[in-house]
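Please walk me through this model, from the overall fold down to single residues. Keep the cut-offs in view.

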Amino acid sequence: MLAGQNYICGRSLATVTFLALKLGRPLFLEGEAGTGKTEIAKAIAAALGRRLIRLQCYEGLDAASAVYEWNFAAQMVAIRAAEATGTGAESLRTDLFGPEYLIERPLLQAMRPQDGGAPVLLIDEIDRTDEPFEAFLLEALGDFQVTIPELGTIKAPEPPIVILTSNRTREVHDALKRRCLYHWVDYPTFARETEILQARVPEAAAGLSREVVAFVQRLRGEDLFKRPGVAETIDWAKCLLALDVIALSPEVIADTLGAILKYQDDIARLQGSEAKRLLDDAKKALETA
Ligand SMILES: Nc1ncnc2c1ncn2[C@@H]1O[C@H](COP(=O)(O)OP(=O)(O)O)[C@@H](O)[C@H]1O
Ligand SMILES: [Mg+2]
């Protein structure tokens, strides 16, 4: 099913995904940036024909912006209009806290029935939020209902398919993990990454793809501040294609390093003989393979 969406993964990730769907448990995916955690949620939604609802986490994210907010600006306009036309204050009060003024945020959206079945709820990069929000999520994932004091309780007719991701900039609390099935998404092996590259950038020649992957894999073994993910491999291949490159050379690598390394210290490390050494290494490995 995932391969049908050009998502290439090993048996263990496929199995845990299958189980999460089968048992209706949230799936917690942890791993380095650019290893395909966000992408798998998109692939699952597309494959099942479900709507994808994404809650992008950030520092300071609170329940209000994750569940719902009242549209204050629109409420103010309504009040002013009522004052001007002399509409009764009574009717205004009930109307002001009605669905018309409710802004539904991702968690509430995910509890609404959708055509085609329960949506896929992606709670992305949860490690960026704080512990109080985690605790709140734990509760929300427990019963899939929210209570809005002015409107009452809204309960999901069918629980959404939940996928949480973390880049592990901090540890996520045990209690939340315990609710989920867990998988560590590692960098792919050489064979798998070549397959991903072929699926995502089919116009790249096989020889170049293999060189690109072999080089990036070696690069990940270096002591870098930020190691390149699969996203960077794909980006780099596209850059090389745009430059009509057919084979890697130290010069080409130096000219295009910005596609795979995003920190000046890392780029500086790779300048000079270092890139050539890695490339020679990669080519040697490809010859003997
Ligand atoms: N297993 C995979 N199969 C296909 N494409 C992948 C895979 N892993 C990563 N990618 C590609 O890498 C990009 C970045 O992956 P993403 O899911 O955003 O990483 P993460 O969320 O783990 O940081 C995706 O847009 C996709 O093109
Ligand atoms: Mg992501």
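This is a predicted model: local features need pLDDT of at least 70, side-chain atom pairs count only at pLDDT 80 or more; totals for chains, interfaces and linings use all residues.

Residues are numbered from 1 along each chain as its sequence is written, while chains are lettered from A and ligands numbered from 1 in the order in which they are written.

Start with the chain. The protein chain has 14 helices and nine strands; these are DSSP runs numbered from the N terminus, helices being H or I with at least four residues and strands E with at least two. Its radius of gyration, taken over C-alpha atoms, is 24 Å. Along the principal axes, the C-alpha atoms fill a box of roughly 80 × 45 × 35 Å.

Contacts come next. Two residues are in contact if their C-beta atoms, placed from the backbone, lie within 7 Å. Among contacts between residues at least 6 apart in sequence, 79% join residues at least 24 apart.

Now the interior. A residue is buried if 20 or more other C-beta atoms lie within 10 Å of its own, exposed if 12 or fewer, and partly exposed in between. By that count, 30% of the 289 residues are buried. The largest nonpolar core has 60 residues. Such a core is a set of buried Ala, Val, Leu, Ile, Met, Phe, Trp, Tyr and Cys residues joined through C-beta atoms within 7 Å. Helix H10 (residues 206–220) gives the largest share, six residues. Domain 1 (3–67 + 105–185) and domain 3 (190–284) both contribute, so the core lies between them. The domain bounds come from an automatic or database assignment. Leu121 is among the residues with the most contacts inside the core. Leaving out residues up to four places away in sequence, Leu121 touches Ile53, Ala110, Pro160, Ile161 and Val162.

Turn to ligand 1. It is surrounded by 18 residues, each with its C-beta atom, placed from the backbone, within 6 Å. The closest are Gly36, Lys37, Thr38, Glu39 and Ala231. Helices H2 (37–48), H9 (190–200) and H11 (230–242) each give two or more residues to this shell. Domain 1 and domain 3 each supply at least three.

Finish at Pro250, in helix H12 (residues 250–256). Pro250 has 18 C-beta neighbours inside 10 Å, so it counts as partly exposed. From Gln75, Pro250 is 62 Å away, C-alpha to C-alpha.

Terms used: The radius of gyration is taken over C-alpha atoms; the globule rule is 2.2 Å times the number of residues to the power 0.38.
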